[in-house]
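Open the model in your viewer and keep the selection tool at hand. The tour goes from one selection to the next.

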Amino acid sequence: MINIDSISKTYSNQVLFNNASLQINPGEKIGLVGRNGHGKTTLLRMLTGQEESDSGQIQIPGDYRIGYLTQHIKFSKNSVLEECMVGLTEHEKDHYWKAEKILAGLGFSDDDMNREPSDFSGGYQVRLTLAKVLVSDPDLLILDEPTNYLDIVSIRWISSFLRSWSREILLVTHDRSFMDSIVTHIAGIHRGVIRKIA
């Protein structure tokens with residue numbers, strides 16, 4: 001469980017959060033909504049420790065793991081399969097079949113597995129980044145626009161995958177039908193506060 005407690009955050013003259021609170025309970029899949037510039041990405045960055053609130057606190061259990069899909073792409077391995085396996089947890093480091101299954105679901109062929117990540121289009125590089133997050137098996141999966149660059153088949157696959165996900169999800173997407181097919185709750189950011197509705 002994550003507890004966002006009375007956080008405030010201001011950029012220059014813009015108040016993004018004013019004493020805002022949100023609780024993410026076990027098993028909840030929350031769709032985060034709000035107008036552009038109202039703090040959705042800032043909240044995700046605060047949850048992952050990339051930014052800090054001006055006041056208030058975010059309480060995360062010590063052994064709780066967060067997986068975060070961003071549009072920032074960086075590869076270190078020579079093949080798609082090896083790159084995806086970077087995301088595997090320490091006790092699953094050799095479970096290449098888990099990486100293969102997720103890559104296949106996202107549209108990578110058997111031949112693609114041995115190709116260099118840099119050979120692929122930007123869209124497929126985003127898919128590979130998504131696959132690395134999914135194989136890491138986090139407690140909270142944070143997805144910022146995960147359907148960008150996905151085709152219909154891959155969107156169907158990830159929708160099914162996320163519906164069967166047993167832990168927590170925090171999702172930002174402009175694709176309302178995709179969001180509605182997955183989430184159990186909506187959290188709206190409006191006028192500096194966050195309201196969660198079932």
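Which residue forms a salt bridge with Arg167? Select Asp137: the closest N and O atoms of this salt bridge are 3.1 Å apart. A salt bridge here is a side-chain nitrogen of Lys or Arg within 4 Å of a carboxyl oxygen of Asp or Glu.

Before moving on, note that this is a predicted model, in which local features need pLDDT of at least 70 and side-chain atom pairs count only at pLDDT 80 or more, while totals for chains, interfaces and linings use all residues. Residues are numbered from 1 along each chain as its sequence is written, and side-chain values use heavy atoms, with hydrogens and water left out.

**Stop 1: around Arg167**

Stay on the Arg167 and Asp137 pair. Helices (H or I, at least four residues) and strands (E, at least two) are DSSP runs, numbered from the N terminus. Arg167 is partly exposed at 23% relative accessibility. Asp137 is partly exposed too, with a relative accessible area of 23%. For these labels, buried means under 20% relative accessible area, exposed over 50%, and partly exposed in between (1.4 Å probe, protein chains only).

Salt bridges that share partners join Glu92, Lys98, Asp137 and Arg167 into one network.

Show Trp165 next. Arg167 lies over the face of Trp165, 4.7 Å from the ring centre. A charge sits over a ring if NZ of Lys or CZ of Arg is within 6 Å of the ring centre and within 35 degrees of the ring normal.

Check the backbone of Asp137 as well. Just after helix 4, Asp137 takes a positive phi of about 55 degrees.

**Stop 2: helix 4**

Select residues 122-135, which make up helix 4. Helix 4 has 14 residues and reaches 20 Å from its first C-alpha to its last. That is close to the expected 20 Å, where the expected span is 1.5 Å times one less than the number of residues.

How many residues of helix 4 are buried? The count is 12 of its 14. Among them are Gly123, Leu128, Leu130 and Val133. Colour the surroundings: the buried residues of helix 4 pack against strand 5 (66-69), helix 2, helix 3 (96-105), strand 6 and helix 5.

**Stop 3: salt bridges from helix 4**

A search of the whole structure finds 10 salt bridges. Pick Lys132 and Glu83, whose side chains meet in a salt bridge (2.7 Å, N to O). This pair links distant parts of the chain: Lys132 in helix 4 and Glu83 in helix 2 (residues 80-85), 49 residues apart. Lys132 counts as buried at 16% relative accessibility. Glu83 is buried as well, at 1%.

Now go to Arg127 and Asp151. They form a salt bridge, with the closest N and O atoms 3.7 Å apart. Asp151 lies in the loop between strand 6 (140-144) and helix 5 (152-163) and Arg127 in helix 4, so the pair ties together parts that are 24 residues apart in sequence.

**Stop 4: the aromatic cluster**

Keep Arg127 and show Tyr124. The charged end of Arg127 sits over the ring of Tyr124, 4.2 Å from its centre.

Rings of Phe, Tyr and Trp (its six-membered ring) pair if their centres lie within 6.5 Å; planes under 30 degrees apart count as stacked, over 60 as edge-to-face and the rest as tilted. By this rule the count comes to 6 aromatic pairs. One of them is Phe120 with Tyr124, a tilted pair at 6.0 Å centre to centre and 35 degrees between the planes. Phe120 is buried at 11% relative accessible area, and Tyr124 is partly exposed at 23%.

**Stop 5: Thr173**

Last, select Thr173, in the loop between strand 7 and helix 6 (176-182). Thr173 is buried, at 11% relative accessibility. Its side chain reaches the backbone nitrogen of Asp175 at 3.0 Å.

Notes: Polar contact = N/O pair within 3.5 Å; in protein donor to acceptor, adjacent residues only side chain to side chain. Contact = heavy atoms within 4.5 Å.
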